[in-house]
Amino acid sequence: MIPTRESAFAAPAGAPLDRLGRRSRGWSGWVTGLTPTDALTIPWTEMERRLLEMGFVEGARVEILHEGPFGRDPLAVRVDDLTVALRRREADVVLVAEG
Amino acid sequence: MNGPAAPEIALVGCPNSGKTSLFNALTGSRQKVANYAGVTVERKEGSFVTPAGRPVKILDLPGTYSLRGRSPDEVITRDVVLGRLDGEEIPDAVVCVADATNLRLVLRLVMELKAVGRPMVLALNMMDIVARQGGRIDVDRLSKELGISVVETVAVKRGGTAALLAAIDELPLLEDPPTEHGWREPTAAEIRAAHAEAARILHDCAFHPGNEHLTRKLDTVLLHPVAGVVILLAVLFLMFQAVFSWATPAMDLIKAGIEAAGVGVGEILPDGMLRSLIVDGVFAGVGAVLVFLPQIVILFFFIILLEDFGYMARAAFLMDRLMAGTGLHGRAFIPLLSSFACAIPGIMAARVIENRRDRIATILVAPLMTCSARLPVYTLIIAAFVPDETILGGVGLQGLVMFGLFATGILSALAVAFILKKLVWREATEPFIMELPDYKMPAPANVALGLWIRAGAFLRRAGTVILALMILIWFLSSFPAPPEGATGPAIDFSVAGRIGHFLAPIFEPIGFNWQIVVALIPGMAAREVAVGVLATVYALSATGEEARQALQPILSAAWSLPTALSFLVWYVFAPQCLSTLAVVRRETNSRVWPTVMFVYMFVLAYAASFATYHIAGALLR
């Protein structure tokens, strides 16, 4: 999966790309981009801006600190110096690379 | 209006920035809470005088990460700042509050606010925590980078707002401010660019060694899949035990005081109508409600403490999946938890939910959460019918029944939400994206001020609405007077007695006698009034010595156990709070939803009480 928009923080060639929503507790890496998924419940331009406002910008460090007690959902994610709770459905929008 | 001399300052900031603490520190108890014209969001205005002697008005606006306005609360912040609301000008100046331990997101907000074109101050709040953790912020450089004045504040410390006050004095207020603003909704690309700019500024101006160690450690326990849930349940259980048992000594004291005052006044006044009004109407009625002040204070104490500590967001995190399973949003947890105090703040707190349908679902089930106004009723009936014993090694039976009533409310709320989701709205849910703030030690002064404001609101209600109702009920219960030489209690001949008797057949199948029916009518205005009315009705229908007795033994003698249980269950579900319905009407801006709420709750209450009465009756036979 390749990020669809230009970004100063595009992943180096060959770096493993993944969606944040598929990772589990203890995983850490950084954000490489945001892309729409089929499971979006609000318009993409709105979703993208909400995530950006909470700090999910390209290059941000992310670490999954906790998973919810029921169905391992939602996630508590450290985004740089902020902790954000979000459901896996929303986390799937965030493209990440390990490292 | 204070005239043109008092400039108006808007207090803006991200959620969890300590904005309200700062507002409290600046204004103390000089706060006015009203609603914005035409909308339902609370308008919190305070006033203070700066060291230079300039009077200033300040508005506490709902926390937001941007001016885009995604929820009704955030829309208010945007519209006030941009001067879009009726009767509100663009404020003369903006004070932006930042959690100094966490500056990144707020710097982006500052950039948006600057576009409004008013003089601005950035208050770096919680600077004491930054210093304690070995961080530092180059305030002068930050001020130069942002092009606005930047000051350090510690809202929770005496004198911690001195720098901010001085900066407000030096604000270059515009003589003739333009009525236009330069803000427009940022695009995704602009948000990205602003983040990059914020990151650069932070890198140059602030050093922060990372503050999350304690929060991280606490979260490994408090957000643990098993321990976290157990602790959440324990916290809720402790809250209810505390409300029931800690309050007792204070309640006994208030009760004894009011009774003594009633007897004292009764002895001074001559026998007759006035004495009956004062003793039976005012003292018996309002007194029976005032007794519950300690319980309400304890409940709010817990809610404020959990909120300030930062636990409420964790509770939302833990409960989100369960809530989502019933079709509610994780954020609904906070409004629903607030509804334990009162459905009205709970329903108003539902504004944090962006999606209208999620919000309406939350509003519709909020009154099923046991509000503090039901406590007087529960307490009275439980004390009269449930033995004061401990079972299972130390758990009070009375507390257990109370817990059961709360649990019934919660479970039925979840069930109703589930049915709404499955039958009425089947579309996908709103995203759940929420900051988990660092834990903070609640500041005693802040908690005290919060309690003071809420206790004051309850007392004002007791002194106005409830007092008026009590006097009305006393009139209805006393007039017309029984004919000369009549036997039987006087209330039988009164208007209230007649209404009660008239409606009694409707409620007979669920085990209610006419006294209960009489109590239900004014209970519509405020649930807790029912206790006062029962006291008044029984006081007036009894004769001589009995009238002096407390309500509780009268009820244990007059009601059967199935009736008492049916009454308790009725109170779990019944839609009998006009203020709640009025708030729903305002918040949803529709007559449909309050009607829906009234009908579904009435049907539920009647059915549940009917079942309880008959099942209990069959079991006890």
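How many bridges pair strand S3 of chain A with strand S4 of chain A, and in which sense? I looked this up first. S3(A) (residues 61–70) and S4(A) (residues 73–79) pair in the antiparallel sense over six bridges. I took strands as DSSP runs of E of at least two residues and helices as runs of H or I of at least four, numbered from the N terminus. Pairing needs at least two DSSP bridges between two strands. In S4(A), I found Arg78(A) as the bridge partner of Glu63(A).

A note on the source. The model is predicted, local features need pLDDT of at least 70, side-chain atom pairs count only at pLDDT 80 or more, and totals for chains, interfaces and linings use all residues. Residues are numbered from 1 along each chain as its sequence is written, while chains are lettered from A and ligands numbered from 1 in the order in which they are written.

I then checked the join between the chains. S5(A) (residues 82–86) and S12(B) pair in the antiparallel sense over three bridges. Val84(A) has Glu435(B) as its bridge partner in S12(B).

Most residues other than glycine have a negative phi, and most peptide bonds are trans. I looked for exceptions. The peptide bond from Asp73(A) to Pro74(A) is cis, with omega near -5°. Pro74(A) sits in strand S4 of chain A. Asp80(A), not a glycine, has a positive phi of about 50°. I placed Asp80(A) in the loop between S4 and S5 of chain A. Asp80(A) is buried, with 20 other C-beta atoms within 10 Å. The cut-offs: buried is 20 or more other C-beta atoms within 10 Å, exposed is 12 or fewer, partly exposed lies in between, and C-beta atoms are placed from the backbone.

**Interface**

Contact here is C-beta atoms, placed from the backbone, within 7 Å. Nonpolar covers Ala, Val, Leu, Ile, Met, Phe, Trp, Tyr, Cys and Pro; charged covers Asp, Glu, Lys and Arg; the others, Gly among them, are polar.

**Helix pairs in chain B**

Next I checked H3(B) (residues 104–114) against H7(B) (residues 188–205). Their axes come within 9 Å and cross at roughly 120°. That makes H3(B) oblique to H7(B). Under 35 degrees is roughly parallel, over 145 roughly antiparallel, 65 to 115 roughly perpendicular, and the rest oblique. In H3(B), Arg104(B), Leu107(B), Arg108(B) and Met111(B) meet residues of H7(B) including Ala194(B) and His195(B).

I compared H16(B) (residues 356–365) with H18(B) (residues 397–424). They pack at about 145°, with axes 9 Å apart. This crossing is right-handed. Ala361(B), Leu364(B) and Val365(B) of H16(B) meet Ala413(B), Val416(B), Ala417(B) and Leu420(B) of H18(B). The contact has seven nonpolar, no polar and no charged residues.

**Rest of chain B**

Chain B has 26 helices and 12 strands. Buried residues make up 47% of its 621 residues. I picked out S6(B) (residues 120–125). Six of its six residues are buried, so S6(B) is largely enclosed by the rest of the structure. Met120(B), Leu122(B) and Leu124(B) point one way, and Val121(B), Ala123(B) and Asn125(B) the other. S5(B) (residues 93–99) pairs with S6(B) in the parallel sense over six bridges. Val94(B) stands opposite Met120(B).

Is Leu238(B) buried or exposed? Leu238(B) is exposed, with 11 other C-beta atoms within 10 Å. I located Leu238(B) in helix H9 of chain B.

Terms used: Axes fitted to C-alpha atoms, helices over the stretch in contact; angles between N-to-C directions. Contact = placed C-beta atoms within 7 Å. Left-handed = near helix turned anticlockwise from the far one by under 90°.
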